[in-house]
Amino acid sequence: MQLRRDTAAAAVVLSLVVVLLPFAAEAHNVTRILAKFPEFSTFNHYLTVTHLADEINRRETITVCAVDNAGMSDLLGKHLSIYAIKNVLSFHVLLDYFGAKKLHQITNGTALAATMFQATGAATGSSGFVNITDQRGGKVGFGPEDNGGNLDATFVKSLQEIPYNISVIQISKILPSATAEAPVPGPSQMNITSLMSAHGCKAFADTLLTSAAMTTFEDSIDGGLTVFCPMDDAFKAFLPKYKNLTVAGKQSLLEFHGVPVYESLSMLKSSNGVMNTLATDGASNFDFTVQNDGEEVTLKTRLVTAKITGTLIDEQPVAIFTINKVLLPKELFKGALSPAPAPAPEAEAPKSSKKKKQKSPPAPADTPADSPSEDAADQPADLNGVEKFNGQRFVAVSLSAWVLSFLLL
């Protein structure tokens, strides 16, 4: 009897784990963590306005070195642009986990940590790395790797740790970095077509420059823009079809390759579903589906599936990725979706004077496997995950109810 009760209890625990697992995997939120500490309100504010908070929340195994409002006053007194402030704060986000215990137990006393600033590609040489040294007397010093060994900031306290996901700690002052503080051109000054032309997308860039779509792209830069740029071989092969489109169709085709929000590669790798484009309006969808499989990200329309092959720039608020095919919207190429016309019926043979027994008509042929289904194509790809989760919860709750009734016997 005791064995049966133990087994039942184990089953209850297992079922509850299944139910609660999705909630346990919920991502951290750095702004919520810092909101509990008013003395870090300025640091928290600038994490939000620079969109660094979003990038931090999407990452795992990370350390945020926060400074209090007094420390932020020293930084703001330099009157840097918001883009330079973003670089400085990204220099305070380490791409590794350092809790209080680990800081005082660093192997060999010193560690070199890469930062989010290093990951942007804007850092030169070793300017994107932070030196962390466990000093005498229980102090831990922090300093830029290219600072000649000077450790200008020290560890103050741990604010919150979620091993080994995120650690938010306080350091005594802003880490100095001439590279991070250097003037940064605003996104509206960015020449996206020159960037495309220099990295294998010249045909697409040249075509964009001759279209009214260029204005749409430029107007979207400050608010956030993601471009999927077909490589030259793919776009040159498509040009004959492009030239057959109307002027409005050409503009829509080009705008179909842009998204009016910033989507980093990490965001695309962690999301599936329908995505609107610059060509989307009230009358036409002009959308495609993002699908990912591990490190591979694909963009799927009803007519073609393109794969992201490279990154030209991936820095808020602009991301430009290369793709191996031209994206074809169904709104412009509906003819390619239409099934082949049925063959004309053959002329009836002269009827015999003798009556014949009528045969039942043949059963209709199955729908061809490759015929598109409008409803299925328009469903977000991530609905399957929702159905799976709901089914998982149902099974777990049912199991719990059965086991509890078993225990009451």
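Among contacts (heavy atoms within 4.5 Å) in the protein chain between residues at least 6 apart in sequence, 64% join residues at least 24 apart. The model is predicted: local features need pLDDT of at least 70 and side-chain atom pairs count only at pLDDT 80 or more, while totals for chains, interfaces and linings use all residues. Residues are numbered from 1 along each chain as its sequence is written, and side-chain values use heavy atoms, leaving out hydrogens and water.

The protein chain has 17 helices and 14 strands, taken as DSSP runs numbered from the N terminus (helices H or I, at least four residues; strands E, at least two). Of its 409 residues, 39% count as buried; buried is under 20% relative accessible area, exposed is over 50%, and partly exposed lies in between (1.4 Å probe, protein chains only). The protein chain exposes about 22700 Å², with carbon and sulfur atoms supplying 55% of that area, by the Shrake-Rupley method with a 1.4 Å probe.

The largest nonpolar core holds 46 residues, of which Ile132 and Phe142 touch the most other members. Such a core is a set of buried Ala, Val, Leu, Ile, Met, Phe, Trp, Tyr and Cys residues joined through side-chain atoms within 4.5 Å. Apart from this core lies another, of 29 residues, including Cys201, Ala213, Val326 and Phe333. Leaving aside neighbours within four places in sequence, the contacts of Ile132 include Leu94, Phe98, Ile106, Val140 and Phe142.

Helix H3 (residues 41–49) packs against helix H6 (residues 82–90) at an angle of about 115 degrees, the axes being 10 Å apart. H3 is therefore roughly perpendicular to H6, a term for angles of 65 to 115 degrees. Phe43, Tyr46, Leu47 and Val49 of H3 make the contact with Ile82, Ile85 and Leu89 of H6. Axes are lines fitted to C-alpha atoms over the stretch in contact, and angles run from 0 to 180 degrees between N-to-C directions.

Not counting residues up to four places away in sequence, Thr216 touches Gln251, Glu255 and Leu278. Thr216 and Ala279 are 63 residues apart in sequence, and their C-alpha atoms are 9.3 Å apart in space. With residues up to four places away again left out, Thr298 touches Thr289, Val290, Gln291, Thr305, Ala306 and Lys307.

Notes
Parallel < 35°, antiparallel > 145°, perpendicular 65-115°, else oblique.
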